[in-house]
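Visitor: I would like to learn how to read a protein model step by step. Could you show me with an example?

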Amino acid sequence: MKKLLFVFALIFSHFSFAQTAKEIIDKNIELSGGLTNWKLLNSVLLQGKVVLGIKDEYAIKIYQQRPNLTKTVITINGKDTAIEGFDGNKGYAMNYATNKLQEYPEYVSESFDNDFIDWESKGFDAKYLGKEKVGEIYCHKVELTKNVNKNMYYFDAKTYMLLKEVKKDETMVYSDYKKVGNLTMPFRIESSSSKKDGDYVMLLNKIDINKVFPANIFKF
């Protein structure tokens with residue numbers, strides 16, 4: 001009897017962990033605007049400035065549109081310059097050795113939605129890993145796994161907003177959340193990697209959603 005109770009306890013414990021991970025993700029989606037509003041989001045225009053290193057600072061605009069179109073533009077010497085993007089077929093990025101935009105055949109565009117929107121149908125497994133601090137804030141730590149890829153997400157234990165995301169080659173820290181229409185979005189994004197050459201802080205002053213972009217906006 002004791003052995004049976006122990007087995008049931010293990011099964012229930014595993015079930016609780018799986019449910020907890022799902023509940024945390026669901027809570028984040030609900031409190032940041034709701035699944036319906038996130039799925040009604042078709043385009044985003046981020047505007048602000050990006051700080052590279054200590055002194056390099058540029059005005060920046062990032063255009064994003066479903067399903068995976070994207071274009072990043074920075075202002076250099078008063079001129080808007082596209083530095084990266086995906087037009088639906090081909091990916092482009094600035095080659096700083098030649099100071100020219102060039103096509104990258106193996107460019108992989110990111111999905112318009114984050115991984116944990118419809119994570120189950122995307123083939124991810126979710127696991128709750130307990131609480132861990134991000135700075136001074138206690139967070140729920142959730143791991144999403146698909147094949148050999150593992151991503152870590154840290155959700156504020158009080159607000160359920162995403163504060164940190166750790167992928168294979170990059171760590172993103174999100175803060176300064178504000179309402180944008182029916183959604184809640186971060187206005188400060190900090191990126192770091194082991195290589196350090198791509199580290200940046202993005203400080204946004206405006207986010208527009210569901211704008212209709214000009215037909216040629218994603219041309220390079």
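Visitor: What is the mean pLDDT of the protein chain?

Guide: This is a predicted model, and the mean pLDDT of the protein chain is 89, with 90% of its residues reaching 70 or more.

Visitor: Which elements of the protein chain have the lowest and the highest mean pLDDT?

Guide: Helix α1, residues 2-31, has the lowest mean, 65, whereas strand β11, residues 171-180, has the highest, 98. Over residues 2-18 the pLDDT falls below 50, and beyond near neighbours in sequence this stretch has 1 contact in the model. Where pLDDT is low, the predicted coordinates should not be read in detail.

Visitor: In which sense do strands β7 and β8 pair?

Guide: Strand β7, residues 125-134, and strand β8, residues 137-146, pair in the antiparallel sense over 8 bridges; glutamate 132, for instance, has cysteine 139 in β8 as its bridge partner. The two strands form a hairpin with 2 residues between them, and glycine 135 in the turn has a positive phi of about 65°.

Visitor: Where is serine 109 placed?

Guide: Serine 109 lies in the loop between β6 and β7, and its side chain makes a polar contact with the side chain of asparagine 68 at 3.3 Å. Leaving aside neighbours within four places in sequence, serine 109 is in contact with Asn68 and Phe86.

Visitor: Does aspartate 208 count as buried or exposed, and why?

Guide: Aspartate 208, in strand β13, counts as buried because its relative accessibility is 17%, and buried means under 20%. Beyond neighbours within four places in sequence, aspartate 208 is in contact with Ser43, Val44, Leu45 and Gln47.

Key
Residues are numbered from 1 along each chain as its sequence is written. This is a predicted model: local features need pLDDT of at least 70, side-chain atom pairs count only at pLDDT 80 or more; totals for chains, interfaces and linings use all residues. Side-chain values use heavy atoms; hydrogens and water are left out. Two strands pair if DSSP finds at least two bridges between them. Helices (H or I, at least four residues) and strands (E, at least two) are DSSP runs, numbered from the N terminus. pLDDT is the predictor's confidence in each residue, from 0 to 100. Contact means heavy atoms within 4.5 Å. A polar contact is a pair of N or O atoms within 3.5 Å; within protein, one must be able to donate a hydrogen and the other to accept it, and residues adjacent in sequence count only if both atoms are side-chain atoms. Buried means under 20% relative accessible area, exposed over 50%, partly exposed in between (1.4 Å probe, protein chains only).
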